[in-house]
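Student: I should like to examine one part of this model closely. Please begin with a single residue and then set it in its surroundings.

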Amino acid sequence: MTAVAIALGSNLGDRASHLSFAVERLTTVLPDLRVSGFIDTEPVGVGTQPVFLNGAVAGSTQLSARQLLEFLLALERERGRDRPFVGAPRTLDLDLVLYGTAIIDEPGLTVPHPRFRDRAFVLAPLAEIAGDMQDPVGGLTVRELLERVRP
């Protein structure tokens with residue numbers, strides 16, 4: 001089993017319903033799932049858009065990183081995620097943030113997530129449930145990374 005962290009987000013439609021759907025489905029591949037609270041956050045780096053509802057989950061899985069990514073993408077599609085352009089508003093956004101101590105850089109799969117270290121909307125919910133998870137690149141815990149981005 002490999003410890004994983006996944007960021008959740010939605011800014012279209014019934015945001016809470018979209019995140020709850022993802023949490024329910026993720027229990028099938030993360031039997032020890034831990035779920036953060038959900039928080040409203042302003043869009044970052046995507047222009048003018050509706051407010052996001054963000055959260056995080058952590059747990060352990062037997063899936064490979066690629067298999068888990070494919071599962072996440074399938075959940076997004078099932079909730080009607082459309083990608084007309086980079087950064088488009090989304091019904092459901094699921095990002096694989098950490099996959100154990102793995103550092104992966106393959107076409108379509110980069111772990112740790114390349115921008116998670118600078119995003120309080122990812123780090124705060126994740127710190128709630130898995131603050132001791134470590135970034136394999138810099139060695140800092142999620143909690144330590146959050147302290148660096150909070151003013």
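Leaving out residues up to four places away in sequence, which residues does His18 touch?

Tutor: This is a predicted model, in which local features need pLDDT of at least 70, side-chain atom pairs count only at pLDDT 80 or more, and totals for chains, interfaces and linings use all residues. Residues are numbered from 1 along each chain as its sequence is written, and side-chain values use heavy atoms, with hydrogens and water left out.

Apart from residues up to four places away in sequence, His18 touches Ser10, Leu12, Gly13, Arg79, Thr91 and Leu92, where contact means heavy atoms within 4.5 Å. His18 belongs to helix H1; helices (H or I, at least four residues) and strands (E, at least two) are DSSP runs, numbered from the N terminus. With a relative accessible area of 10%, His18 is buried (under 20%; exposed is over 50%, partly exposed in between; 1.4 Å probe, protein chains only).

Helix H1 covers residues 15–26. Its 12 residues should span 16 Å at 1.5 Å a residue, and the end C-alpha atoms are 17 Å apart, which agrees; the expected span is 1.5 Å times one less than the number of residues. Besides His18, the buried residues of H1 are Leu19, Phe21, Ala22, Val23 and Leu26. An α-helix has 3.6 residues a turn, so residues three or four places apart point the same way. The cover over the buried residues of H1 includes strands S1 (2–10), S2, S4 (52–61) and S5 (93–99), together with helix H2 (65–78).

Asp132 provides a contrast: this residue is exposed, with a relative accessible area of 60%, and lies in the loop between H3 and H4. Neighbours within four places in sequence aside, Asp132 is in contact with Thr141 and Arg143. The C-alpha atoms of Asp132 and Arg143 are 6.6 Å apart, although 11 residues separate the two in sequence.

Another feature is the cis peptide bond between Val111 and Pro112, with omega about -5°. Pro112 sits in the loop between strand S7 (109–111) and H3.

As to confidence, the protein chain has a mean pLDDT (the predictor's confidence in each residue, from 0 to 100) of 93, and 95% of its residues reach 70 or more.
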